[in-house]
Every structure is written in structure tokens, then in C-alpha cells.
Amino acid sequence: TGESGTGKELLAQGIHNGNDRAQGPFVAVNCGALPPTLLESELFGYVDGAFTGALRKGKKGLFELAHRGTLFLDEIGELDKLLQTRLLRVIQERELMRLGSENPIPVDIRIVAASNRNLEEMVAAGTFREDLFYRLNVLQIEMLPLRKRRSDIIPSALRLLRGYAQVHRNSVVDLDPQLRDFLRQYDWPGNFRQLGNIMERLAIVATGPVISLDEAEPLLADLCVRQSERS
């Protein structure tokens with residue numbers, strides 16, 4: 001769990017890479033990015049003739065593609081109630097059925113789910129299945145926002161800045177002390193995603209190896225506006 005941009009997918013990849021499933025596939029899907037009917041076919045696959053427009057040979061779903069690896073379900077709180085039921089069955093039975101099929105297919109996967117919403121509140125409101133919540137909530141890890149881990153801001157900023165500098169063929173590699181202080185004091189509501197956006201801006205316009213607050217200030221005006229609005 002954690003706010004958007006706190007690195008939940010990176011942590012999921014780390015979990016995958018750090019265990020005996022590392023040689024298997026890591027398959028990620030954003031549950032809020034597709035309409036429920038399309039997401040169902042993507043997750044579970046389908047057989048020939050399952051619906052209009054289906055491929056003649058059918059198609060494996062993401063569950064099958066993640067066999068012996070890890071399936072990362074991002075924004076699990078966006079999952080439709082019907083798909084919640086189907087997901088619960090796969091977790092319980094360790095097998096699935098493609099759309100249009102009556103033949104179960106065994107699957108061996110680790111599921112890592114992520115959400116920036118409060119699933120317990122959704123359970124109380126009746127929008128998320130309680131039994132699925134307890135199946136998924138075996139081990140919960142909270143990703144802290146950047147404003148609660150300020151010691152990470154500058155090391156992360158420098159890593160991002162240097163990476164973008166290589167992409168844009170710029171020589172900038174450091175931030176002056178005043179600019180570092182400014183970045184530390186900002187609350188970063190968009191977390192690492194927002195920090196990356198700002199570092200890419202600086203990597204594009206920097207004129208030397210160290211960028212100063214004076215040079216960066218015109219590019220940070222929107223941060224000052226957002227900070228004053230939030231306060």
C-alpha cells in the first residue's frame with residue numbers, strides 16, 4: 001500500500017528478484033487501466049469463439065503467462081466486483097478457466113497486489129470483497145511517501161538527475177547546497193514520479209556540472225505554487 005509514485009511496482013519487482021521465482025516471469029497489470037470486460041480476457045485468457053473478435057487460436061491470459069513467476073496486480077482496489085470473485089477463486093483453487101472454456105488450468109504463481117486506496121474502508125463500504133481482502137492481505141508493506149523519508153530525497157534526486165543527464169547528453173551531475181535544501185523542504189505530493197519529472201527538467205536545461213538554485217528557480221515555480229496551496 002502507499003500513495004501514487006512511492007515505488008510499489010519497484011518493490012514488487014524486488015520481491016520477485018529476491019526469491020526462488022526470480023528465474024520465472026514477472027507480469028504486471030494495472031487493474032484500473034482497462035474496462036472490466038477487457039481486463040477479464042487479459043487476466044484469464046480465452047478460447048476460440050469465446051466472443052466476437054476473439055483470436056481463432058484463443059489466447060493465454062496474464063495468469064498463465066505468470067506461471068512459476070510473479071503476477072503484480074497494481075491498483076487492485078479498482079478491480080470490478082465480478083473480477084474480484086474470479087480472482088478469489090484462482091487464489092483458492094490454484095487453477096483458472098479461460099473465457100468460454102470448461103477445462104481448468106493449474107497455475108503456480110505468487111501474487112503481489114498494490115493499492116493507493118484504503119482497502120479496509122472499501123471492505124466496510126461493500127465495494128471490495130472481505131474474503132478477497134484477507135486472501136491478499138497476508139503480508140502488508142506500507143510504502144512511505146517522500147515527505148516522511150526526507151533523507152532519501154537527495155540521493156534519489158541525484159540518481160535520477162544523472163540518469164536523465166545521460167539520456168539528454170548533458171554534463172550535469174550535482175545540485176548546489178541551496179537547491180538541495182529547497183528539494184528537501186518540499187513535500188513532493190507526487191513522490192518519486194514527481195521528483196523524476198523535476199530532475200529530467202533540470203537535466204535538460206543545466207549549463208554546467210552543478211546546477212544552482214538560481215538556475216533552477218524558473219523551473220520550480222509550479223512547486224512553489226503547489227506548496228503554498230497545500231499549506
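Let me start with a term: a residue counts as buried when its relative accessible area is under 20%. Keep that cut-off in mind. One caution as well: this is a predicted model.

Start with H16. Where is it? H16 sits in helix 1, which spans residues 8-17. Is H16 buried or exposed? Its relative accessible area is 3%, so H16 is buried. What does H16 touch, beyond its neighbours within four places in sequence? The contacts are R21, A22, G24, P25, F26, G69 and T70.

Next, helix 2, residues 36-44. Its buried residues are L39, E40, S41, L43 and F44. A word on helices in general. An α-helix has 3.6 residues a turn, so residues three or four places apart point the same way. Now, what do the buried residues of helix 2 pack against? Three strands are on the list: strand 1 (26-30), strand 2 (70-74) and strand 3 (95-96). Two helices join them: helix 3 (62-65) and helix 4 (81-93).

F44 is one of the buried residues of helix 2. Over its ring sits the charged end of R86, 4.0 Å from the ring centre.

Last, the aromatic pairs. How many turn up in a search of the whole structure? Four. One of them joins Y186 and W188. That pair is edge-to-face, with 4.7 Å centre to centre and 90° between the planes. Y186 and W188 are both buried.

How values were computed
Residues numbered from 1 in each chain as written. Predicted model: local features only at pLDDT ≥ 70, side-chain atom pairs only at ≥ 80, totals over all residues. Heavy atoms only, no water. Phe/Tyr/Trp six-rings, centres within 6.5 Å; stacked < 30°, edge-to-face > 60°. Buried < 20%, exposed > 50% of the residue type's maximum accessible area, 1.4 Å probe, protein only. Lys NZ or Arg CZ within 6 Å of the ring centre and 35° of its normal. Helix = DSSP H or I, 4+ residues; strand = E, 2+ residues; numbered from the N terminus. Contact = heavy atoms within 4.5 Å.
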